[in-house]
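Let us walk through this structure together, one neighbourhood at a time. Please keep the sequence and the model open as you read.

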Amino acid sequence: MDDAQLEERVHECGQRLAAGLAGADTGGLRHPLAAGERRMMRSLIGDPRLRAALFRFVDVRPACHSRTELVRHLSEFLEEAGAGSGNARRLARLTGRRELTLPTAGAAGLGVASMAHRFIAGEDAQAAAPELSSLWEQGRCVTLDLLGEATLTESEGERYAQRCTQTLRALAQMSAGWAPNQLLEHDGLGPLPRANLSVKVSALTPHLRANAPERALSAARDRLLELLRLARELDAHLHVDMESLDTRESITELFLELLALDEFADGPPAGIVLQGYLTDSEEQLERLLGWLEQHPRGAPFTIRLVKGAYWDHEVVLAAQHGWRAPVFTDRRSCDRHYEHLTRRLLDARAGGMALRPAIASHNLRSLAHAIAYSDALGLAPDALELQVLRGLGDDTAAAIATYGRRVRVYCPVGDLVAGMAYLVRRLLENTSNDSFLAAQTTGADINLLLERP
Amino acid sequence: MSTESTFRNEPALEFRRESVRAQALRALAELRTKLPLRIGPASGASASGELLSYNPANPAELIAVAPDGSAADARAALVRADAAFASWSALDAGTRAATLQRAAGLLRERRLELAALEVLEAGKPWPEADADVCEAIDFLEYYALGALALDQGRLLPQLPGERNTLRYYARGPHAVIAPWNFPMAIPAGMVSAALVTGNTVVFKPAEQTPACGHALVQALHSAGVPEDALVLLTGADEPARELVAHPLVHGIAFTGSCAAGQHIIHAAAQAQPGQRHVKRVIAEMGGKNCIIVDADADLDDAVPAIIKSAFGFAGQKCSAAARVLVCEQIADALNERLAGAIQALRVGPAEDFACDLATVIDAEALARINAFLDGAEHEPRVQAEVPVGTGGHYVPPTLFVDLPPSSRIVREEVFGPVLSSERVASVDEAVRIVQEGDFGLTGGLFSRSPQTIEHVSRLGIVGNLYVNREITGAMVGRHPFGGGRLSGTGPKAGGPDYLLTFVEARSVSENTVRHGLVI
Ligand SMILES: Cc1cc2nc3c(=O)[nH]c(=O)nc-3n(C[C@H](O)[C@H](O)[C@H](O)COP(=O)(O)OP(=O)(O)OC[C@H]3O[C@@H](n4cnc5c(N)ncnc54)[C@H](O)[C@@H]3O)c2cc1C
C-alpha cells in the first residue's frame with residue numbers, strides 16, 4: 001500500500017470513528033463532555049485569564065478548610081483575572097456580594113467536585129467497581145491508576161505500595177465475575193488479563209534522582225518486585241507509567257532489570273510507556289525493542305505509546321536552566337513523530353515480536369492512522385489496542401468499541417485531594433490551544449482534524 | 001540600562017544525561033592526577049608559610065598548596081595595585097568590558113574542570129559546583145554590560161546656555177575578601193565589579209579555597225587584566241586585616257560572617273594618617289532565613305523546596321532556610337512529611353552524584369555545628385544518617401520541631417544543615433517574627449492566595465523573598481541578591497545598582513553663552 005492509499009484509509013477510519021462518537025449530529029464534532037461543561041470549556045479556551053483563575057481555584061480547593069476560605073480564594077482569583085477578562089469581572093461581582101457568598105462557594109466547591117468525579121472513577125477500586133464492570137459490559141477494558149500526593153517519604157512509598165497490592169487483589173476478584181469477551185481478553189499472543197494496574201514508580205519511593213538513576217534501583221526494587229510477584233500470582237497485567245524526563249532512566253532501568261529476572265520469565269504480562277513528544281523517543285523505542293529481543297519472555301510486553309503529559313513542565317524546566325527542550329515544540333512535528341513511532345511499533349509486531357502495541361490518544365487522526373496502518377500490514381484487528389483516559393475519552397472509547405476494536409480506559413482512582421492535581425492537568429490539556437480535544441470542542445471540521453500532520 | 005535585555009544566564013550542565021555525568025567524572029579523575037595544585041607566590045611577595053586546602057570528604061587528600069600571606073604581603077600587594085591604578089583606570093570602558101568577557105570565555109572553556117575543583121576543594125555537590133562556575137561567568141558578563149551602560153553617564157536636565165554632564169569614575173585600589181561557600185562566583189562578582197569600573201584589586205580568597213580563587217585570577221590575567229591590576233593574596237586573617245586597615249584601600253567588598261563584617265565596617269571607618277578618602281564597604285553578611293507556610297499551601301511543593309533550601313550544600317549558604325514558620329492548621333502534616341523527607345536524604349561525598357548533601361567545609365565548622373546540636377541535647381530531633389569512619393566532615397541533616405524561642409538554634413545563624421520548624425497562628429504572626437529578626441536576607445512564602453502573596457511581597461520583609469519555590473539559587477540579573485538589617489549593606493549583587501558602589505559620580509556644568517549668544 002503506498003502513501004496516498006494509506007492516507008485515504010486513515011481518512012476512512014477517521015470518518016468512521018467520528019461517526020461513532022455519540023451524538024455526532026451537531027455539524028461539528030460533539031465534545032466528549034456534557035453540554036454545560038462543553039459551554040464552559042469553550043469559554044475557557046477563549047479566555048486564558050478566566051481559565052487560569054478557575055484552574056487555580058480547582059488547585060487550591062482541597063486545601064480550603066472552610067467555605068469562607070473557598071470564597072476568599074475564588075474571589076481573589078477572579079479579581080486578579082478581572083483586569084483582562086469580562087467574564088471574570090462578572091463572576092467576581094457575583095462572588096463578592098455578601099448574601100451570595102456562601103452558596104456560591106458551596107456551588108463552586110460542588111462544581112469542582114463533580115467535575116473531578118467525571119475524571120476519577122472513585123475513591124478506590126472497591127468504590128469504582130460498578131463503574132469498571134459497566135465499562136466492561138459496554139465492551140471496554142480498563143487499567144487503574146492510583147492518584148495520590150507526591151511521595152516524599154518512605155512511609156508514603158510504603159502506603160502507595162499497599163494500595164497497589166489491595167487494588168490488584170480487588171481487581172482480580174471483581175473481574176472474575178465479568179462476562180467473557182473474546183476481543184478484550186485475547187490476542188494472537190495469548191490471553192490478556194482483565195486485571196490491569198498502572199503504577200507510578202515515583203510514588204513507590206522518595207529516591208528518584210535525575211542525576212543518579214541507580215539510586216531508585218535499590219530503593220524501589222523491593223516494592224516493585226513484590227508487585228510483580230503479586231501480579232504473576234493473580235495473573236494480572238502490571239504497567240509502569242512514564243513521568244517527567246527526570247525519572248525516565250530510573251523507571252526504565254529498574255523495570256527492565258526486574259522483568260529480566262528468571263522468576264518472571266513466564267509472567268506477569270507487563271508494559272511500559274513511550275512518550276512520543278520526546279525528541280529522542282525513537283532511541284528509547286529502539287532500546288526497548290533491543291531489550292525485548294535479548295530477553296524473550298513467555299509473557300508478552302506492552303508498549304503504550306502516548307504523546308506525553310508533562311509538556312509544559314519539560315519546556316519550562318529546560319528554559320529555566322538554559323537547556324534545549326527535550327520535547328518537540330511544534331505540534332505537527334510531534335504528531336508526525338507519533339505516527340512514525342506507531343508504524344515502528346506495528347512493524348515490530350508484524351515482524352513477529354511478542355509485543356503488544358497500545359496507542360493511547362484522544363486524537364482521532366492518531367487513532368485512525370494506527371488502525372489503518374495496522375490493517376495495511378495485515379495484522380489481525382486484535383493485535384492493536386487503543387487506549388483513552390476516563391472523562392476525556394469516553395466518547396472516543398465508545399466510538400472505538402463500535403468500530404470493533406479493543407479499547408482500554410485508563411481510570412484514575414483516589415480521593416479529592418489527590419484528584420485535584422490530576423484534574424487540573426487534564427483540564428489544562430483539554431483547553432490548551434494545541435490540543436485536539438480543544439479543536440474538537442470549538443467545532444473544527446473533521447476533515448481538517450484528520451489532515452496529515 | 002539595557003543590561004537586562006541582552007544578558008542571558010550561562011546554561012547549567014545537564015547532569016541528568018548520563019554522558020554529561022561521565023564527562024564530569026572524567027574531568028575529576030584528570031584533576032586528581034594533578035594534585036596537589038601549587039599556587040606560586042605573587043611576584044615580589046615574601047610568603048613565610050604555606051596554606052593548605054583539603055578535600056572535606058577526605059581530609060587526607062591535599063588539594064592545593066598556596067602561600068600563607070602575611071601583613072607585609074598585603075602591603076606589598078596594595079602598593080602594586082596602587083601603582084597599576086593610573087593606567088588601568090585610564091583605559092576606556094569598552095576595553096575593560098571586553099577583557100571581562102574574554103575571561104568569561106576562558107572559564108566557559110574549563111567548565112568541567114572548575115566544577116571538579118569545587119567538588120574537591122569546597123565539597124560542593126556537582127550541580128551546585130557547576131552552578132557556581134556558571135554564576136561566576138554570569139557576573140563577568142553581566143557587569144561587563146553594566147559597565148558599558150554606566151560609561152554613558154546619566155542624562156541631566158539641560159537649560160539654554162548650559163551644558164550639564166555626569167560621568168562615573170574609578171576610585172582606587174579595592175580589597176576583595178571572599179568566602180569559601182561560593183568559591184568562584186562570589187569573588188568573581190566582587191572582583192569583576194571593581195575591575196570593570198576601573199579600580200584595581202587585591203583579592204584574598206577564603207583560606208579553605210585558595211585554588212578556586214586562583215583559577216578565577218588566572219582567567220582574568222589570561223584575558224588581559226594586568227598582573228598588578230589584580231593581585232591574588234592567599235592567606236588567613238592577618239593579611240585581610242591589613243588590607244582593611246591600609247590607607248591605600250578605597251573600597252572593601254566583603255562576603256562572610258556577621259562578626260567579621262561588622263569588624264570590617266568599624267575598622268574601615270577609622271581614617272589612617274595620610275588617607276585622603278572615605279573607604280566604602282560592601283558587606284554581605286549572613287542570615288537566619290525563614291520560610292512561611294500558609295494554611296493553604298501545597299505540601300507536595302513546599303516540602304521538597306524547604307528541604308532543598310535548608311540542606312542544599314549542607315545549609316552553608318547565607319540564603320539557606322533555617323526556620324520554617326508554619327500555620328497551625330497544617331503544622332502536623334508538614335512536620336511529619338519534613339521528617340520523613342529528611343530521613344530519605346542521602347549524605348556522602350560531593351563527588352557522588354547519588355548524594356543529596358555532602359560535608360561541611362572543615363573540622364572547625366563541624367565542631368561549631370555539633371556544639372549547636374549538643375546544646376539542644378534534650379530536644380527531640382529527626383536526622384538522616386551520615387557516613388561514619390571516613391574522616392569526612394559530615395553533619396547529619398537535622399530537624400527540630402517546636403523549639404522554645406529562646407533556643408540558640410532558633411536565634412543564631414548555624415550555617416549548617418539544621419532546620420527548626422515553629423508553629424504560628426497566621427501569616428501575619430510569621431511576618432512579625434521575620435521582621436523582628438536580626439537578619440533580613442532571604443525568605444520564603446508558600447501560599448495559594450494572591451492577596452496574601454501580594455500583601456507579604458509589598459511589606460518587603462527581606463532582601464530576597466521567594467514565593468512558592470526554594471529560597472536559594474539566586475540567578476544573576478534575574479534575582480538581584482542581598483539583604484538588609486544585619487545581613488548586609490547592599491546594594492544587590494547581580495542587580496542594576498551594584499556597580500555604583502565602585503565608582504564616584506562627577507558632574508560638569510559648562511556655561512555655553514559667549515557675548516550673549518548660546519554657542
Ligand atoms: C491510556 C493513557 C495513558 C497515558 N499514560 C501516560 C503516561 O504514562 N505518561 C505520560 O506522560 N502521558 C500519559 N498519557 C497522557 C497523554 O500523554 C496525554 O493525554 C496526551 O499527551 C494527549 O495527547 P492526545 O493524543 O490525546 O491529544 P493531542 O491533542 O493530539 O496532543 C496533545 C499533546 O501534544 C503535545 N503537545 C502540546 N503542545 C505541543 C507543541 N506546541 N509542540 C509539540 N507537542 C505539543 C503534548 O504532549 C500534548 O499533551 C496517557 C494517556 C492515555 C490516554
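**A guided walk**

Helices (H or I, at least four residues) and strands (E, at least two) are DSSP runs, numbered from the N terminus. This is a predicted model, in which local features need pLDDT of at least 70, side-chain atom pairs count only at pLDDT 80 or more, and totals for chains, interfaces and linings use all residues. Residues are numbered from 1 along each chain as its sequence is written, chains are lettered from A and ligands numbered from 1 in the order in which they are written, and side-chain values use heavy atoms, with hydrogens and water left out.

Is Gly286(B) buried or exposed? Its relative accessibility is 4%, so Gly286(B) counts as buried; buried means under 20% relative accessible area, exposed over 50%, and partly exposed in between, with a 1.4 Å probe and protein chains only. Leaving aside residues up to four places away in sequence, Gly286(B) touches Gly256(B), Cys318(B), Glu413(B), Phe439(B), Leu441(B) and Ser487(B), where contact means heavy atoms within 4.5 Å. Between the C-alpha atoms of Gly286(B) and Ala178(B), which are 108 residues apart along the chain, there are 13 Å.

Another loop residue is Thr501(B), found between β18 (484-485) and β19 (503-511) of chain B. Thr501(B) is buried as well, with a relative accessible area of 18%. Apart from residues up to four places away in sequence, Thr501(B) touches Arg171(B), Arg280(B), Ile282(B) and Pro491(B).

Now to the strands of chain B. Strand β14(B), residues 418-424, is mostly covered, with six of its seven residues buried. Strand β11 of chain B (residues 321-327) runs parallel to β14(B) and is joined to it by five bridges; two strands pair if DSSP finds at least two bridges between them. Here Val324(B) stands opposite Ser421(B). Strand β13 of chain B (residues 398-401) also runs parallel to β14(B), with four bridges, and Thr398(B) has Val418(B) as its bridge partner.

An antiparallel case is found elsewhere in chain B: seven bridges join β2 (residues 49-55) to β3 (residues 58-68). A hairpin of two residues connects β2(B) to β3(B), and Tyr54(B) is partnered by Leu62(B) in β3(B).

Next comes a pair of helices. The axes of α5 (residues 111-122) and α6 (residues 126-150) of chain B come within 8 Å and cross at roughly 125°. Axes are lines fitted to C-alpha atoms, for helices over the stretch in contact, and angles run from 0 to 180 degrees between N-to-C directions. The two helices α5(B) and α6(B) are therefore oblique to each other, since angles under 35 degrees count as roughly parallel, over 145 as roughly antiparallel, 65 to 115 as roughly perpendicular and the rest as oblique.

Finally, turn to chain A, with its 21 helices and ten strands. Of its 453 residues, 57% count as buried. How many strands form the closed barrel in chain A? There are eight, in the order β1-β4-β5-β6-β7-β8-β9-β10, with parallel pairing. Neighbouring strands of this sheet are turned by 25° against each other on average, direction ignored. Within chain A, four bridges link β4 (residues 196-199) to β5 (residues 237-240), which run parallel, and Asn196(A) has His237(A) as its bridge partner in β5(A).
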